[in-house]
Amino acid sequence: MAEALAKISQVQDWGMIQIRADLARAGEAIAAAAGVALPERGRITTDGRRSLGWMSPDELLLVLPRAETAEALAALQDALSTEHALVLDVSDMRAAFRIQGARALDVLAKLCPTDLAAMPEDGLRRTRAAQVACGIWREPGGYVLIGFRSVADYLRGILTGAAAPGTQLDPR
């Protein structure tokens, strides 16, 4: 029997904090409080444990171990207390999936209307997977896809279907 194109797994132990602020004014304070360097436009920075992704000109997403979320949220709120900013724990409204394996890109190419092969190693791309909004970035051995938890079952289904054995994009 043929192997799946990639291994699809849902990540259960991540916390996510949405940060909205004037990044030019508050960027250094955010990076210090988050413990991760401020990413450039369309990029994600990581220290191996925490990642900080650029989502829009005034929005970042901090991804970290769930157990550290409350402490990081308090540190960010304190660091931005003098700024017009929003710092919000969005862990329970997001779902994250790992797409791992040599053909992980093929799986995403079936679903996403963007050239993920051209995305830099530290790139983060907001796009859609079939009909739902998502964010995608690379990690060793594959990709991470995040979307709304309300469509997690749908995302799991389309990712699993796109990774099904015998569904490669290359000629058979």
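**Entry 1**

I looked up Arg156 and found it partly exposed, at 32% relative accessibility. The model is predicted, so local features need pLDDT of at least 70 and side-chain atom pairs count only at pLDDT 80 or more, while totals for chains, interfaces and linings use all residues. Residues are numbered from 1 along each chain as its sequence is written, and side-chain values use heavy atoms, with hydrogens and water left out.

Which residue does Arg156 meet in a salt bridge? The partner is Asp153, at 2.8 Å from N to O. I count a salt bridge when a side-chain nitrogen of Lys or Arg is within 4 Å of a carboxyl oxygen of Asp or Glu. Asp153 is exposed, with a relative accessible area of 62%. Arg156 and Asp153 are about one helical turn apart, because they sit three residues apart in helix H4. An α-helix has 3.6 residues a turn, so residues three or four places apart point the same way. My helices (H or I, at least four residues) and strands (E, at least two) are DSSP runs, numbered from the N terminus.

**Entry 2: other salt bridges**

I searched the whole structure and got 12 salt bridges. Side chains of opposite charge can pair when their charged atoms come close.

I checked Glu68 next. It forms a salt bridge with Arg50, with the closest N and O atoms 3.1 Å apart. This pair links distant parts of the chain, 18 residues apart. Glu68 is in the loop between strand S5 (59–65) and helix H2 (69–79), and Arg50 is in the loop between strand S3 (44–46) and strand S4 (51–56). Arg50 is buried, at 10% relative accessible area.

Then I took Glu139, which forms a salt bridge with Arg98; the closest N and O atoms are 2.6 Å apart. Here too the pair links distant parts of the chain: Glu139 is in strand S9, Arg98 in strand S7, 41 residues apart. Is Glu139 buried or exposed? Glu139 is buried, at 17%. Arg98 is partly exposed, at 27%.

I also noted a network of salt bridges that links Arg20, Asp58, Glu59 and Arg126.

**Entry 3: helix H3**

I moved on to helix H3, residues 104–111. Its buried residues are Ala104, Asp106, Val107, Leu108 and Leu111. What covers them includes strand S1 (7–11), strand S7 (94–100) and helix H4 (152–162).

How do H3 and H4 pack? Their angle is about 120° and their axes are 9 Å apart. That makes H3 oblique to H4. Axes are lines fitted to C-alpha atoms, for helices over the stretch in contact, and angles run from 0 to 180 degrees between N-to-C directions. Under 35 degrees counts as roughly parallel, over 145 as roughly antiparallel, 65 to 115 as roughly perpendicular, and the rest as oblique.

I listed the contact residues (heavy atoms within 4.5 Å). H3 gives Val107, Leu108, Lys110 and Leu111; H4 gives Ile158, Leu159 and Ala162.

**Entry 4: Ala96**

Last, I looked up Ala96, in strand S7. Ala96 is buried, with a relative accessible area of 3%. Leaving out residues up to four places away in sequence, Ala96 touches Ser9, Gln10, Val11, Trp14, Met16, Leu145 and Ile146. Ala96 and Phe148 are 52 residues apart in sequence, and 8.6 Å apart in space, C-alpha to C-alpha.

Note on methods
Buried means under 20% relative accessible area, exposed over 50%, partly exposed in between (1.4 Å probe, protein chains only).
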